[in-house]
Amino acid sequence: MSLDDELQPTPVTAPAESAELQSRYGRTPGRRFRGRVIAWIAGAGVAVVIAAWVIWAGLDSNQASLDTQDTAHSVIDAHSVQVEFNVTAPRGSTVSCALQALNDTFAVVGWKVVALPASDSATRSFSETVRTSELASTGLIYSCWLT
């Protein structure tokens, strides 16, 4: 025997666990199989939910799109503001828009809902006057929707 052989550590082997010890701590073959089955079912459930969401949100392109843009506003006097805006909607659809006027502290001082008629043009420009309860600093679109 050489000096190198004496300095080599001898491997320590763990004692084999008995079936009774494995059963006591829940390390049985049936439990491992159940864990794998539950993991596969959970993974399949997540995949189904993601696929359903993609189909519902991403592939359904039949939704009509509506786009709005504030272009300008003019404070006419202490009791009115003129709001100019563009609306892009599907041809032949009627649209309603809520316009608002805000003061210097961003409080709503005027509100108006306007109905826009159907048209053969997709993008149209509009100008509406909103009456206010006090001097407004801005006028803008709050929301628009298809009617």
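In strand S6, Gly139 stands opposite Ala101. This is a predicted model, in which local features need pLDDT of at least 70 and side-chain atom pairs count only at pLDDT 80 or more, while totals for chains, interfaces and linings use all residues. Residues are numbered from 1 along each chain as its sequence is written, and side-chain values use heavy atoms, with hydrogens and water left out.

Strands here are DSSP runs of E with at least two residues, numbered from the N terminus, and two strands count as paired if DSSP finds at least two bridges between them. On the S4 side, S3 (residues 95-102) is again antiparallel to its partner, with 8 bridges joining the two. Ala98 faces Val113 of S4 across this pairing, and Leu102 has Val108 of S4 opposite. Together, 3 strands make an open antiparallel sheet, ordered S4-S3-S6. Strands S4 (108-116) and S6 (138-146) form the edges with a single partner strand each, so one side of each has no neighbour in the sheet. From one strand to the next, the twist averages 20 degrees; axes are lines fitted to C-alpha atoms, with angles running from 0 to 180 degrees between N-to-C directions.

How enclosed is S3 by the rest of the structure? The strand is largely enclosed, because 8 of its 8 residues are buried, where buried means under 20% relative accessible area, exposed over 50% and partly exposed in between (1.4 Å probe, protein chains only). In a regular strand, side chains alternate between the two faces of the sheet. Both faces of S3 are covered: one side carries the buried residues Val95, Cys97, Leu99 and Ala101, and the other carries Ser96, Ala98, Gln100 and Leu102, also buried.

The partners are Cys97 and Cys144, with an S to S distance of 1.9 Å. Distant parts of the chain are linked in this way, since Cys97 sits in strand S3 and Cys144 in strand S6, 47 residues apart. The torsion about the S-S bond is about 115 degrees, so the disulfide is right-handed. Both Cys97 and Cys144 are buried.

The hairpin of S3 and S4 has 5 residues between the strands, and Phe106 within it takes a positive phi near 65 degrees, a positive value in a residue other than glycine.

Strand S1 (residues 67-77) runs antiparallel to strand S2 (residues 80-88), and 9 bridges join them. A hairpin of 2 residues connects S1 to S2, and Asp67 has Thr88 in S2 as its bridge partner. S2 also pairs with strand S5 (residues 123-131), in the antiparallel sense and over 9 bridges. Within that pairing, Asn86 finds its bridge partner in Ser125 of S5.

Definitions and conventions: Helices (H or I, at least four residues) and strands (E, at least two) are DSSP runs, numbered from the N terminus. A disulfide is a pair of cysteine sulfur atoms within 2.5 Å.
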